[in-house]
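Please consult the sequence and the coordinates alongside the points below.

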Amino acid sequence: MSLAPFVQILGRGPGRSRNLTAEEAEAAMGLILDGRADPHAIGALLMLMRYRGESPEEIAGFTRALRASLPPMPPADLDWPSYAAGRSRGLPWFLLAARLVARSGARVLIHGWAPPQPEGPELREALALAGIGLAADPDEAGRLLDRDGIAFLPLDGFAP
């Protein structure tokens, strides 16, 4: 199966196209994650979705497919995604907020993208300053959560 049926749904033209259902979005993302989708088709699908505006159903379907492909994650009271960190080139104040939540007794798992920054604050350095451990994988994140109540798990540590 290819992404063609999903691209066709999104790109039929004015008055005939529609957003994907949650089930369709889940199937499309499953193809992408399995490596069975042509990169050009992925680009077409994502551009059409962006043009139309992503629907809650599409996001839910993508999320289900992504969750099904991930390794088991350690249990946390607060699952804190951080995939735009560093783009603003501002200070990562959210780390201090997460630390305060953890100090209240909640287990906080922050996960996201933490690339080296050519300019501005380095997120990985800020983690140490905020007293937040950097985990290499979900198992280490679980140990840090047990010990500190908070951990940062970079995307490359669970979904390279």
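Four strands make up an open sheet, arranged in the order 1-2-4-3 with parallel pairing. Its edge strands are strand 1 and strand 3 (133-134), each of which pairs on one side only. The model is predicted, and the values below are computed from it.

**Overall composition**

- The secondary structure of the protein amounts to seven helices and four strands.
- Along the sequence, these elements follow the pattern α-α-α-α-β-α-β-α-β-α-β.
- The C-alpha atoms fill a box of roughly 50 × 35 × 25 Å along the principal axes.
- The protein has 160 residues, of which 38% count as buried.
- The accessible surface comes to about 9400 Å², and carbon and sulfur atoms account for 58% of it.
- Of the contacts between residues at least 6 apart in sequence, 67% join residues at least 24 apart.

**Strand pairing**

- Strand 1 (residues 78-82) pairs with strand 2 in the parallel sense over five bridges; within this pairing, Trp80 has Ile110 of strand 2 as its bridge partner.
- Strand 2 also pairs with strand 4 (residues 150-154), again in the parallel sense and over five bridges.
- Strand 3 and strand 4 are joined by two bridges in the parallel sense.
- On that side of strand 4, Gly133 stands opposite Ala151, while Leu134 has Phe152 as its bridge partner.

- Strand 2 (residues 108-112) is largely enclosed by the rest of the structure, because five of its five residues are buried.
- From strand 2, Val108, Ile110 and Gly112 point one way and Leu109 and His111 point the other way; all are buried.
- Strand 4 is likewise largely enclosed by the rest of the structure, since five of its five residues are buried.
- Both faces of strand 4 are covered, with Ile150, Phe152 and Pro154 buried on one side and Ala151 and Leu153 buried on the other.

- Leu78 is located in strand 1 and is partly exposed, with a relative accessible area of 29%.
- Beyond its neighbours within four places in sequence, Leu78 is in contact with Val101, Arg107, Val108 and Leu109.
- Between the C-alpha atoms of Leu78 and Gly112, which are 34 residues apart along the chain, the separation is 14 Å.
- Asp79 also belongs to strand 1; at 49% relative accessibility, Asp79 counts as partly exposed, given that the exposed class begins over 50%.
- When residues up to four places away in sequence are not counted, Asp79 touches Leu109 and His111.
- Asp79 and Ile110 are 31 residues apart in sequence, yet their C-alpha atoms are 6.3 Å apart in space.
- Trp80 has a relative accessibility of 21% and counts as partly exposed, because the buried class is limited to values under 20%.

**Aromatic pair**

- The structure holds one aromatic pair.
- This pair is formed by Trp80 and Phe94 and is tilted, with 6.4 Å centre to centre and 40 degrees between the planes.
- Trp80 lies in strand 1 and Phe94 in helix 5, so the pair ties together parts that are 14 residues apart in sequence.

**Nonpolar surface patch**

- Leu91, Trp93 and Leu96 form a nonpolar patch on the surface, and together they present about 350 Å² of accessible area.
- Leu91 lies in the loop between strand 1 and helix 5 (94-103).
- The relative accessible area of Leu91 is 53%, which means that this residue is exposed.

Methods: Residues are numbered from 1 along each chain as its sequence is written. This is a predicted model: local features need pLDDT of at least 70, side-chain atom pairs count only at pLDDT 80 or more; totals for chains, interfaces and linings use all residues. Side-chain values use heavy atoms; hydrogens and water are left out. Buried means under 20% relative accessible area, exposed over 50%, partly exposed in between (1.4 Å probe, protein chains only). Two strands pair if DSSP finds at least two bridges between them. Patches are made of residues with over 30% relative accessible area and no salt bridge: like charges are joined within 9 Å, nonpolar side chains (Val, Leu, Ile, Met, Phe, Trp, Tyr) within 5 Å. Accessible areas come from the Shrake-Rupley method with a 1.4 Å probe; for residues, only the protein chains shown count as cover. A salt bridge is a side-chain nitrogen of Lys or Arg within 4 Å of a carboxyl oxygen of Asp or Glu. Contact means heavy atoms within 4.5 Å. Rings of Phe, Tyr and Trp (its six-membered ring) pair if their centres lie within 6.5 Å; planes under 30 degrees apart count as stacked, over 60 as edge-to-face and the rest as tilted.
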